[in-house]
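This report describes selected local features of one protein chain. Please consult the sequence and the structure shown below.

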Amino acid sequence: MKNVMIFCNAGMSSSLMAKKASNLLKEKGKDIHVDATTTSDAKNIVNKDFYDLYLVSPQTKMYFKPITEYAEPHQKPVDNIPFNAYVPTPAGLENLTKIILNHLD
């Protein structure tokens with residue numbers, strides 16, 4: 001199983017996106033689980049080295065550089081989620097899962 005973490009401001013919108021993305025990936029036959037948390041947890045989460053990919057929500061893109069620096073020693077990718085992939089609609093979820101699969105498939 002592969003694991004993905006979405007970093008968000010409060011973790012609420014990202015929790016919804018994580019759940020829906022996990023379900024869509026499962027429907028596609030992919031063994032990938034998506035979680036979400038706040039950016040304040042980023043350093044601790046990345047240093048645990050559990051996740052295979054880190055995604056930064058659009059409203060917290062200012063944290064992309066520090067999260068990338070945390071992930072670098074673990075050789076794990078970090079990517080920004082564009083607004084068109086951060087909408088809980090079928091099109092938004094397809095865009096989000098494409099980003100995930102580009103890194104992990």
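P77 is partly exposed, at a relative accessible area of 28%; buried means under 20% relative accessible area, exposed over 50%, and partly exposed in between (1.4 Å probe, protein chains only). The model is predicted, so local features need pLDDT of at least 70 and side-chain atom pairs count only at pLDDT 80 or more, whereas totals for chains, interfaces and linings use all residues. Residues are numbered from 1 along each chain as its sequence is written, and side-chain values use heavy atoms, with hydrogens and water left out.

P77 is located in the loop between α3 (64-71) and β4 (78-80). Helices (H or I, at least four residues) and strands (E, at least two) are DSSP runs, numbered from the N terminus. Residues up to four places away in sequence aside, P77 touches D52, L53, Y54 and H103, where contact means heavy atoms within 4.5 Å. From P77 to T38 the separation is 39 residues in sequence and 18 Å in space, C-alpha to C-alpha.

C8 belongs to strand β1, and T38 to strand β2. UniProt, in an unreviewed entry, places the feature "modified residue: Phosphocysteine" at C8; such annotations may be inferred rather than shown by experiment. Beyond its neighbours within four places in sequence, C8 contacts S13, S14, T37, T38, T39, S57, Q59, T60 and Y86.

| Residue | Relative accessible area | Class |
|---|---|---|
| C8 | 2% | buried |
| T38 | 17% | buried |
| P77 | 28% | partly exposed |

**Helix α1**

Helix α1 (residues 12-27) has 16 residues, which at 1.5 Å a residue should span 22 Å; the end C-alpha atoms are 23 Å apart, in agreement. The expected span is 1.5 Å times one less than the number of residues. The buried residues of α1 are S14, M17, A18, A21, S22, L24 and L25. Viewed down the axis of α1, these buried residues fall within an arc of 165°, so they line one face of the helix; the arc is that of the directions from the helix axis to the C-beta atoms. An α-helix has 3.6 residues a turn, so residues three or four places apart point the same way.

The buried residues of α1 pack against β1 (2-8), β2 (32-38) and α4 (90-104). On the face turned away from the buried side, α1 carries the exposed residues M12, K19, K26 and E27. Just after α1, G29 adopts a positive phi of about 80°.
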